[in-house]
Amino acid sequence: MKKSFFIVFIVLANLWQLSAQIAADSIVGELKLLNNSEVKAQRTSLQATFEEVQNTPDWKPYDANYENEPETAIWLKFELENRSNDTLPIYCFTAHDYAYVYQQVGTDFKTFKNGNLVPLYKRSNKREFYITELVLPPSQKSQVFIRVNSTRKIKNGNVALFTKAYYLEFANNYIESEKHSVAFMVFYILSLFTIFLFGVVFWLRTRHNLYAYYLAYIFFQLVFAFAALRGTTVSVGNFFLHLSYRSGTLPEASQFLFIGFYIFFIINLLEIKKYNQSLTKALNYFGWFCLLYGLTIFIYLIFWKDAAISSDITTTVRFIVLPLNLVMLIWIIYKVKHPLLKYFVVGHSFFFIGAVLASYVMITKSNHHPESIFNFPYAPTIIFQAGLLAEVFCFAFALGENIFLLQKEKETTSQNLITQLQKNQQLQENMRVELDRKINQKTEELIQLYSKIEKQKEEQLKNSFTQKLQEMEMLALRSQMNPHFLFNSLNSIKHLIMTSRNEDAISYLDDFSTLLRSILYNSNREIISVEEELEIIKLYLSLEKNRMGDTFNYTIDVSSIEELSQFNIPPLLLQPFVENAIWHGLRPSQSGQKLLKITFDTSDILKIIIEDNGIGRKASSSENKMHKSMGMEITRERLALFNHSNETSIKLEIIDLESENKPLGTKVVLTYFYS
């Protein structure tokens, strides 16, 4: 009797022991842990450790009372037994943001980390965040603890055990169910990245704020896209998988950051400031509001996240922002008449429709209704991204047409400039012809007058000559040479005549006439050789030397006359610089020796240096406040036109020579180079 009782007791004890275990080799397909009599559970704070939980007696059956709460963790405990003679893999499914599985191996516990928000480098399963593989040795038991928690509420029943065959089928079905949604997300990212690269190229070439705002707009869309892609099965190239952050932080913040930069981009693209100041100010306020909200919600969701409050905030803000977007669209259509407005209307309409539809799906949760057309994975995100992508393509076309418009405007401006320059050239040509005729006429009259001079008519000759000098001065004002030179040259002739130095007067007049003829002849030519220009400068300097006397000396250094003939420059290019050096630098100087040095250096490529030891530009400008050098302005304009219309260019550089803040003169460097 006692023996029979003992046998019954042993059998019942074994049956009770078996009831506290899960036979892993007997699992068929999927075994849900919710309401499983072999699974115990308890709720703890997020700070509770495995050692603390392992030794607590507060374990209760795992039932519907253990619904996930964002600020708590749920612990599950059960024992697995492999009664077969083969090593058995069991797959633990946990669809939570954080899942830690502790499996007993001998006397120790092996820890596995998985979950949507666990960084990839810390995850035990690099391919799927929701599956943890547990390997059971043959004919052994293994105690298992599971800790799960999420930043949002998750329905019960999402913790289960899979066999290998069921796991492979489940994983394949999961990937298959979301492949179309994921494919669109990848296409969205690749499209944005391609457009972003083109934007970088345009910004590097132009440095225009328009492209900077566009790049920021695309960049934060990429952040939004990668953050949305993080919760999918795609892991290749998604660097956000290596980051841990609170759910919803980046998607929510990045949306409003790219909306803010989008508004600034529209202000620049449509040049709204030209059309309406009030609209510009309102859009600026709206843009700054979106940027500040994006940064604020990002900080809040990281440090002070409250699921209920953050949901209310995002919903409220959308009810504010979406109507404002509609108002902005209508206001811009009414006020702005820009050629690119059509792209904005179409693109913004896509964005607005996508945002409204995505918000509707998110609020009504219609993507979870089996009969809804939006019943597909990540429906709100896909709808919003579709609207954004259509908008991005519209603005890509707009930027392309904007470049065309800018090029067309540039061509129109260049054509108008060329037309105006041609008119100016024709006017100058007519003036030169008329001036040549009058100078020849007056020169002949002067020569005839010199042959008839008699001592008894000296007073009459003085009056007549003075009148002719005044006429010559008025004619010289219409030429490109400084009136000081012409006036003083004629006064020198007058002085020679008055002192009865008729032969010197005639010789001086011959040189003077030769110089004027050379100037007028070369003025009709677009370019001359540097060698011809040198001859004009020599003639001009000989006249200035004759007039100014021994206090003025000049030198001309030429490395090779033959090489100078190979270089072409605009005619009379050097004369204004030489004239300025003499009249504004050397003439006011108190120095005993007034030196002018002109160097033609052809050792590398032609470099012309005009250097004087005069009073410098600062002192000269203070002494000549009422004088405006038209010769210098004309010379700069001619240089610009020459550089624009020729394969070769001339670079102008004016250097103030100083020592210890004392002026030592001025150096003008003209460098000839090939564009």
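A salt bridge, for the views that follow, is a side-chain nitrogen of Lys or Arg within 4 Å of a carboxyl oxygen of Asp or Glu. This is a predicted model, in which local features need pLDDT of at least 70 and side-chain atom pairs count only at pLDDT 80 or more, while totals for chains, interfaces and linings use all residues. Residues are numbered from 1 along each chain as its sequence is written, and side-chain values use heavy atoms, with hydrogens and water left out.

**View 1. Lys-342 and Glu-401 meet in a salt bridge.** The N to O distance here is 3.5 Å. Lys-342 belongs to helix 8 and Glu-401 to helix 9, 59 residues apart, so the pair links distant parts of the chain; helices (H or I, at least four residues) and strands (E, at least two) are DSSP runs, numbered from the N terminus. Lys-342 counts as partly exposed at 44% relative accessibility, where buried means under 20% relative accessible area, exposed over 50% and partly exposed in between (1.4 Å probe, protein chains only).

**View 2. Arg-83 and Asp-25 form a salt bridge between two loops.** Their closest N and O atoms are 3.5 Å apart. Arg-83 sits in the loop between strand 5 (72–82) and strand 6 (88–94), and Asp-25 in the loop between strand 1 (22–23) and strand 2 (30–32). The two residues are 58 apart in the chain. Both ends are partly exposed, Arg-83 with a relative accessible area of 44% and Asp-25 with 32%.

**View 3. Lys-274 pairs with Glu-271.** In this salt bridge the closest N and O atoms are 3.3 Å apart. Lys-274 is exposed at 64% relative accessibility, whereas Glu-271 is partly exposed at 32%.

**View 4. Zoom in on Phe-395 and its neighbours.** Leaving aside residues up to four places away in sequence, Phe-395 touches Tyr-214, Tyr-217, Tyr-262, Phe-265, Ile-266, Leu-269, Tyr-343 and Phe-344; a contact means heavy atoms within 4.5 Å. Phe-395 also belongs to a cluster linked by ring pairs, with Phe-258 and Phe-351 among the other members.

**View 5. Phe-50 and Phe-145 form an edge-to-face pair.** Rings of Phe, Tyr and Trp (its six-membered ring) pair if their centres lie within 6.5 Å, with planes under 30 degrees apart counted as stacked, over 60 as edge-to-face and the rest as tilted. Here the centres are 5.2 Å apart and the planes stand at 75°. Phe-50 is in helix 2 (residues 50–54) and Phe-145 in strand 10 (residues 140–149), 95 residues apart. Both Phe-50 and Phe-145 are buried.

**View 6. Phe-224 and Phe-384 make another edge-to-face pair.** Their centres are 5.6 Å apart and their planes lie at 80°. Phe-224 lies in helix 4 and Phe-384 in helix 9, so the pair ties together parts 160 residues apart in sequence. Phe-224 is buried at 3% relative accessible area, and Phe-384 is buried at 7%.
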